[in-house]
Each structure stands twice: as C-alpha cells, then as structure tokens.
Amino acid sequence: MSTTAIVDDATSIEATLVSATIFITSSFLYPLLQLQLPSLRPSLRPLSHNERLLKKLNEHPHTKSIGNTPIKYLPTLSKKLKASIHLKDESLNPTGTSKDRVALSILRSLLSSPSPLLSVSEGTSGSTGISLSSLCSIINLPCTICMPDDQSPAKFHLMKSSGALVKVVKTSSISNPSNYVNVAKKLPGFCDQFNNPNNYLVHYTTTGPEISSSIPSPSTFVMSAGTGGTISGCGNYLKSKGWRIILSDCEGSCLYYKVKYGVAYTREQKERGVRLNRYDTVCEGIGLDRVTENFRRGRIDGAVKVMDQEVVYMRRLMEEWEGICIGSSTACNLVACCRVARRGERIVTIKCSLGERENERVGNREFVEGRGLKWEGAEEWFEREFGDKMSANSL
C-alpha cells in the first residue's frame with residue numbers, strides 16, 4: 001500500500017471519530033447540560049442589590065455568633081426554693097440581647113424579597129433597635145428606630161453609635177397615632193416585630209430546641225412578653241415536648257388577664273386613660289396594652305403578675321446571691337419562677353439582655369425611690385414570700 005493511501009485512511013478514521021463525538025455530544029450530553037443551565041445561571045449573573053446585602057450579612061462573623069447561648073444554673077436561688085432554676089443567657093449574643101435572633105431573622109426575610117430594600121425602620125423599646133441597627137451597620141443599610149421616651153438612655157446611645165437614626169417619641173398607648181410603633185409604621189422598610197411571623201419562627205426553630213437539647217426532660221418554662229415572639233415560639237416548641245409554659249407579666253400589662261380570664265384589659269389602663277398614655281412600669285421591653293399576632297400564637301398554661309417592687313428586689317438579690325447583673329425583664333421572669341416553683345422541679349427562664357443598660361433606672365436608688373418604691377428590704381421580702389415555700393401556688 002502506498003504512503004498516500006495510509007494517510008488517507010488515517011484521515012478518514014479521524015474524521016469518523018470527530019463525527020461520532022459530535023453525535024454523542026448533541027444527542028446525549030448537550031440535553032443534560034441544558035438541564036443543568038438554570039441552576040448554573042445564578043452563579044453566572046451579577047447579584048442583585050438584596051442578594052449582595054444578604055451574602056454580606058450571612059458571611060459576617062457577627063451574624064455567625066448569634067444563638068447557641070449557654071444555660072446557667074442559679075445555685076443560691078435554687079437552694080432557697082428547693083428547686084432547680086436555670087437561666088438561658090441570651091445576653092451573650094453579640095449585642096447583649098435575645099433580639100439579635102429576631103432582628104437577623106426579620107432582616108433576612110426582607111432581603112429575600114425581590115423588591116430592593118433601601119432602608120429599614122422599627123418601633124422598639126430598645127433591644128430590637130440595638131440589634132437591628134448593629135446588623136444594618138454591617139451591610140451599610142440605613143436604619144431608623146422609633147422608641148418611647150421612658151427607656152434607659154444607654155439604649156438610645158447604643159443605637160446612635162451603630163449609625164441608626166433614632167426618633168424618641170412621647171410614651172403613649174398603641175391607640176394613639178403618636179405611639180412609637182405607629183410612627184415607625186409610616187416609614188419605609190417597617191419590620192413590625194410585634195406581628196412579623198419571623199419573630200415567632202426564629203424562637204420556635206432555634207431558641208426552643210436549644211433549651212430542649214440542654215434539658216431534655218419536660219420542665220417548666222417561664223417567660224415575660226413584649227412582642228410575644230419568645231414565649232410563643234420557645235413555648236410552643238417546648239410544649240410539644242411536654243413542658244409547662246408560664247407567662248410572667250409586669251404591672252400595667254393586659255397579658256396576665258388575657259391568659260387568666262381571656263380578656264385583654266387591666267385596671268391601670270383605665271385609670272391612666274388608655275387613649276392617651278401607657279402605664280409606666282419600671283420594666284423595660286415587656287408588658288403590653290394589646291394582644292399581638294406573635295403572642296396570639298402561644299399556648300400558655302398559666303400566668304403570674306409581678307409588681308414593680310418585686311422586680312427591684314429581685315435585681316438586687318441576683319447581684320448579691322449569684323453575682324450577676326440582670327435587667328428588669330429578667331428580674332420579672334425570676335420572680336415568676338419563685339412563684340410557680342415546686343419542690344424538686346426544674347425551671348428555665350431567659351436572661352433577656354445585659355442588666356447594666358438599666359443601671360440608670362431600676363438599678364439606681366434615686367430613681368427607684370423617686371417612683372415610690374423601696375430600695376432596702378430585699379432579703380426580708382424574699383423570706384416573707386418564699387422562705388417556707390414547699391409547692392407552687394395554684395395557677
């Protein structure tokens with residue numbers, strides 16, 4: 001055979017192989033590749049405004065450190081009550097409050113919308129505003145916070161230092177158009193923590209399971225309510241595991257009466273004029289003159305009414321007995337724990353925030369006595385109320 005013929009045969013074989021490759025690719029591989037293209041396109045196209053912010057938010061170390069807070073045993077209080085009292089320490093979240101979970105959940109939800117999120121706003125007594133302003137500063141998103149004028153100045157300064165625009169409005173009932181929530185509602189990007197289901201869901205999917213994994217046997221969960229997201233979210237999850245759920249409610253709030261009697265009304269609202277003013281308790285961030293959507297979701301077994309004087313005393317006792325500084329809402333929780341504790345029972349409540357933020361109010365003797373409350377006499381009060389405690393009062 002001539003050299004020319006050999007070359008021609010080789011060329012023919014190569015051409016055949018190329019043709020076969022093209023045939024196989026067009027018949028089998030190309031259709032498979034086409035099926036994969038939709039899933040590949042998001043990584044190829046430029047990220048939208050919201051996607052860029054969400055990516056930055058999710059990847060930040062601040063965000064990744066939210067949640068998975070420890071549960072701490074209170075030895076002195078437990079011994080005195082002959083029960084086992086535990087605090088889930090939500091003050092160890094990045095901004096020192098359980099509201100980090102809520103703010104992150106709501107912000108993620110807003111950024112998942114196709115509409116560009118250019119700013120956010122919220123009506124808050126402080127903690128949610130601190131959390132939200134901190135997260136917004138991470139992604140350079142403008143944030144406006146509306147808060148009532150009866151809160152600790154430290155909260156105001158924390159929000160301002162994070163770059164938020166803070167509008168302080170006169171304290172009033174929700175029925176008043178000038179109420180801090182109603183003012184925020186008119187602004188773009190309103191978060192609506194009181195009714196936003198992401199508030200409830202984040203506690204149902206994270207905080208509740210964290211408590212249950214640390215204390216697997218059914219126990220009692222005690223919690224106050226501001227927006228209602230924590231007691232409803234944690235409570236419903238824990239209730240599904242056999243736990244008992246108890247509301248701790250402060251003076252001036254209608255929620256105790258809603259749980260006990262099915263009526264959202266309290267005498268203080270009538271006396272102060274519900275259409276104009278909100279009852280001013282020493283407690284911050286808890287107690288309501290209405291039932292929110294998040295609170296409405298909860299399945300609560302009982303409720304305890306806690307007086308302002310008891311809150312002051314419990315805060316002082318925790319500093320002396322356990323060496324911890326707690327805020328008014330946590331003190332309210334712990335008083336309720338004492339009221340419902342049964343001998344040998346395990347009770348879990350939440351340390352809502354850093355107590356140091358309220359040093360100018362409930363931690364200030366001049367402020368406390370200016371409200372007609374006593375500064376001295378905490379141990380005598382405790383012994384009188386709980387010294388011979390053997391079982392819970394009937395709920």
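Ser127, Ile130, Lys155, Ser353, Leu354, Arg357 and Glu358 line the second largest cavity. A cavity is a set of points on a 1 Å grid over the protein atoms alone where a 1.4 Å probe fits but cannot get out, and lining residues have an atom within 4 Å of a point. This is a predicted model, where local features need pLDDT of at least 70, side-chain atom pairs count only at pLDDT 80 or more, and totals for chains, interfaces and linings use all residues. Residues are numbered from 1 along each chain as its sequence is written, and side-chain values use heavy atoms, without hydrogens and water.

The whole structure holds two cavities of 30 Å³ or more. A volume is the space filled by probe spheres set on the points, which are joined across faces, edges and corners.

| Cavity | Volume |
|---|---|
| Largest cavity | about 590 Å³ |
| Second largest cavity | about 30 Å³ |

Which residues lie closest to the centre of the largest cavity? They are Ser125, Gly226, Glu284, Gly285 and Ile286, out of 50 lining residues. Helices α6 (127–138), α8 (180–185) and α10 (229–239) each supply at least two residues of this lining. Helices (H or I, at least four residues) and strands (E, at least two) are DSSP runs, numbered from the N terminus.

Now the sheet. Six strands form an open sheet in the order β1-β2-β9-β6-β7-β8, with mixed pairing. Strands pair if DSSP finds at least two bridges between them. β1 (71–73) and β8 (302–305) each have a single partner strand, so one side of each is left without a neighbour in the sheet. Strands β6 (220–223) and β9 (346–351) pair in the parallel sense over two bridges. Thr220 stands opposite Ile347 in β9.

How values were computed:
On a 1 Å grid over the protein atoms alone, a cavity is a set of points where a 1.4 Å probe fits but cannot get out, and a pocket is an open set with protein on both sides within 12 Å along at least five of seven lines; lining residues have an atom within 4 Å of a point.
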